[in-house]
Amino acid sequence: MYVGTLSFDLLLGDVHSLKEKRSVVRPIVAELQRKYAVSAAEVDHMDLHRRAVIGLALVSGDAAHLTDVLDRCERLVAARPEVELLSVRRRFHGEDD
């Protein structure tokens, strides 16, 4: 069994309130969940309207599949024009951990 996690630190574009922030972050989280069947949520900077951290996790029996899905998730978030991807933290836990 393999577990992979990603943490995206995002700077949001033209956002002036927490309500506007939700309208940017929720669709990203929903798309990750729908397209890639990962568990995803906003996990930090919830009180700041121009910053967000989205975390996601995936469990797989195949390390190559896990890496492929995490790569696709990273590309999806990086391609969103309404956010600037400041950093990505990737963790991979395998059977030897």
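A: Serine 60 lies in strand β3; helices (H or I, at least four residues) and strands (E, at least two) are DSSP runs, numbered from the N terminus. The model is predicted, so local features need pLDDT of at least 70 and side-chain atom pairs count only at pLDDT 80 or more, while totals for chains, interfaces and linings use all residues. Residues are numbered from 1 along each chain as its sequence is written, and side-chain values use heavy atoms, with hydrogens and water left out.

At 11% relative accessibility, serine 60 counts as buried. Buried means under 20% relative accessible area, exposed means over 50%, and partly exposed lies in between, with a 1.4 Å probe and protein chains only. The side chain of serine 60 makes a polar contact with that of histidine 65, at 3.3 Å. A polar contact is a pair of N or O atoms within 3.5 Å; within protein, one must be able to donate a hydrogen and the other to accept it, and residues adjacent in sequence count only if both atoms are side-chain atoms. With neighbours within four places in sequence left aside, serine 60 is in contact (heavy atoms within 4.5 Å) with Met1, Tyr2, His65 and Leu66.

The strand of serine 60, β3, belongs to an open sheet of four strands in the order β2-β3-β1-β4, with antiparallel pairing. Two strands pair if DSSP finds at least two bridges between them. β2 and β4 stand at the edges with a single partner strand each, so one side of each has no neighbour in the sheet. Direction ignored, neighbouring strands are turned by 20° against each other on average. Axes are lines fitted to C-alpha atoms, for helices over the stretch in contact, and angles run from 0 to 180 degrees between N-to-C directions.

Two helices meet this sheet. α1 packs on the sheet and touches β1, β2, β3 and β4, its direction making about 10° with that of β3. α2 lies across β1, β3 and β4 and runs at about 10° to β1. α1 has 19 residues and reaches 27 Å from its first C-alpha to its last, close to the 27 Å expected at 1.5 Å a residue; the expected span is 1.5 Å times one less than the number of residues. Among the buried residues of α1 are Val24, Val25, Ile28, Val29 and Leu32, and what covers the buried residues of this helix includes β1, β2, β3, α2 (63-78) and β4.

α1 is followed by alanine 37, with a positive phi near 55°. Alanine 37 is found in the loop between α1 (18-36) and β2 (39-44), and at 63% relative accessibility it counts as exposed. Histidine 45, in the loop between β2 and β3 (51-60), has a phi near 60°, again a positive value in a residue other than glycine. Most residues other than glycine have a negative phi.

Histidine 45 is among the contacts of aspartate 9, which also include Arg51, Val53 and Glu84, neighbours within four places in sequence being left aside. Aspartate 9 is found in strand β1 and is buried, with a relative accessible area of 17%. Its side chain makes a polar contact with the side chain of arginine 51 at 2.7 Å.

Glutamate 84 is partly exposed, with a relative accessible area of 45%. Leaving aside neighbours within four places in sequence, glutamate 84 is in contact with Asp9, Leu10 and Leu11.

β1 and β4 pair in the antiparallel sense over 10 bridges; in β4, phenylalanine 92 is the bridge partner of glycine 4. Rings of Phe, Tyr and Trp (its six-membered ring) pair if their centres lie within 6.5 Å, with planes under 30 degrees apart counted as stacked, over 60 as edge-to-face and the rest as tilted. By this rule the count comes to one aromatic pair. The rings of tyrosine 2 and phenylalanine 92 have centres 5.8 Å apart and planes at 35°, so the pair is tilted. It links distant parts of the chain, tyrosine 2 in β1 (residues 2-12) and phenylalanine 92 in β4, 90 residues apart. Phenylalanine 92 is partly exposed, with a relative accessible area of 37%.
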